[in-house]
Amino acid sequence: ASDAIKNVLKLLICDVNGKKPGVMVPIPQYPLYSASLAEFNMHQIGYYLDESQNWGLDIAELQRAVSEARKVSNPRAIVVINPGNPTGQVLSRDNIEEIIKFAYKEKLFLFADEVYQHNVYAEGSKFYSFKKVLTEMGEPYSSIELASFMSCSKGYMGECGLRGGYAEVLNMDPAVKAMYLKAISAMLCPTVLGQACLDTIMNPPTKGEPSYDLFIKEKTDVLDSLKVRAKMVADTFNSIEGFSCNPVQGAMYAFPQIKLPEKAIEAAKKAGKVPDAFYAFELLESTGICIVPGSGFGQQPGTYHFRTTILPQPEKLKAMLDKFAEFHANFLKKYK
């Protein structure tokens, strides 16, 4: 889906009255967006997710971000990642309706990054597609420009090895869409394996077909196991001194906050590293466990996080988390 996202972004490259186009992205965000906006010389408009509300999306914060951005850029679009990456939250239907109303009011093209839509684990959480919600809201919201993105690399099947994805584009001006289709026609297609995988996700076996029972069993087993691992990761991090981790409602990641000792922060500065990257390198060199520092995704100033996946099999995940807790205890002793 990354190429699909970049191709729609390219349509918005247009300076107006000397101002760059701006795109609203969540902070923390998936770095594809910040990297692509830098490549296209577009203005990144960060809006902070609310960690205290399980990484909720607050409309007042969206308004703050777009109002400040208008001083220096021309906001053209808003990106919403649901379920969240790296934060693992799942938006409620009410929240999605609020976002759609905001996008309509501010005349923003809506990017719905929905590649984790099958990965929903928490009780009471449910995936709602932006297309479905805005269609059911009726006019004028049902005529908003929307691009929805999906992939076979996530979910329950691809495990990041099989590559294929699509964009579904709604309400785009026909002349613009003609140029968009012309531009993407210049690309080579994904592998046959990726296309076959995506076709299976879009048109899964139906009841009565020979492979239906096995397909449902395997899909359910994968998602049930991920649900167990999502809880295991959040519960373990919340039991470690200095950590706090919101429930992993969906996607494939946890994004815990970590309180680092002052001496560790000083040691990081001496080493020329940001503190969360310093911690990540120490963890990697001591244990072989690889995490991604929160500074790579964006975070509230003065806070430190990291992203870790929930993908290892349960027995390996438990061993990894035990090793992680042991490392952290030693890290605190070293720098306290």
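At what angle do helix H3 (residues 59-69) and helix H4 (residues 93-105) pack, and how far apart are their axes? The first legend gives the answer.

This is a predicted model, in which local features need pLDDT of at least 70 and side-chain atom pairs count only at pLDDT 80 or more, while totals for chains, interfaces and linings use all residues. Residues are numbered from 1 along each chain as its sequence is written, and side-chain values use heavy atoms, with hydrogens and water left out.

**View A. Packing of helices H3 and H4.** H3 and H4 pack at an angle of about 25°, and their axes are 10 Å apart. Axes are lines fitted to C-alpha atoms, for helices over the stretch in contact, and angles run from 0 to 180 degrees between N-to-C directions. Helices (H or I, at least four residues) and strands (E, at least two) are DSSP runs, numbered from the N terminus. The two helices H3 and H4 are therefore roughly parallel to each other (angles under 35 degrees; over 145 is roughly antiparallel, 65 to 115 roughly perpendicular and the rest oblique). From H3, the contact is made by Ile59, Leu62, Gln63 and Val66; from H4, by Glu98, Ile99, Phe102 and Lys105. Contact means heavy atoms within 4.5 Å. By class, the contact of H3 with H4 has five nonpolar, one polar and two charged residues (Ala, Val, Leu, Ile, Met, Phe, Trp, Tyr, Cys and Pro count as nonpolar, Asp, Glu, Lys and Arg as charged, and the others, Gly among them, as polar).

View B. Glutamate 106 is found in the loop between H4 and strand E4 (109-113). With a relative accessible area of 12%, glutamate 106 is buried (under 20% relative accessible area; exposed is over 50% and partly exposed in between, with a 1.4 Å probe and protein chains only). Leaving aside neighbours within four places in sequence, glutamate 106 is in contact with Gln63, Val66 and Arg70.

**View C. The largest nonpolar core.** The largest nonpolar core has 41 residues, of which Phe237, Phe243, Tyr279, Ile291, Phe324 and Phe331 touch the most other members. Such a core is a set of buried Ala, Val, Leu, Ile, Met, Phe, Trp, Tyr and Cys residues joined through side-chain atoms within 4.5 Å. At least two residues of this core come from each of H7 (192-202), H8 (212-238), H9 (262-270), H10 (275-287) and H11 (314-335). Not counting residues up to four places away in sequence, Phe237 touches Phe243, Cys245, Pro256, Phe306, Thr308, Leu321 and Phe324.

**View D. Packing of helices H8 and H11.** The angle between H8 and H11 is about 10°, with their axes 11 Å apart. H8 and H11 are therefore roughly parallel to each other. H8 contributes Ser225, Arg229, Met232, Val233, Thr236 and Phe237 to the contact, and H11 contributes Pro314, Leu317, Lys318, Leu321 and Phe324. These residues divide into seven nonpolar, two polar and two charged.

View E. At 40% relative accessibility, phenylalanine 281 is partly exposed, whereas glutamate 282 is buried at 15%. Not counting residues up to four places away in sequence, glutamate 282 touches Phe327, Phe331, Lys334 and Tyr335.

**View F. Methionine 320 in helix H11.** Methionine 320 lies in helix H11 and is buried, with a relative accessible area of 15%. Beyond residues up to four places away in sequence, methionine 320 touches Ile289 and Thr308.
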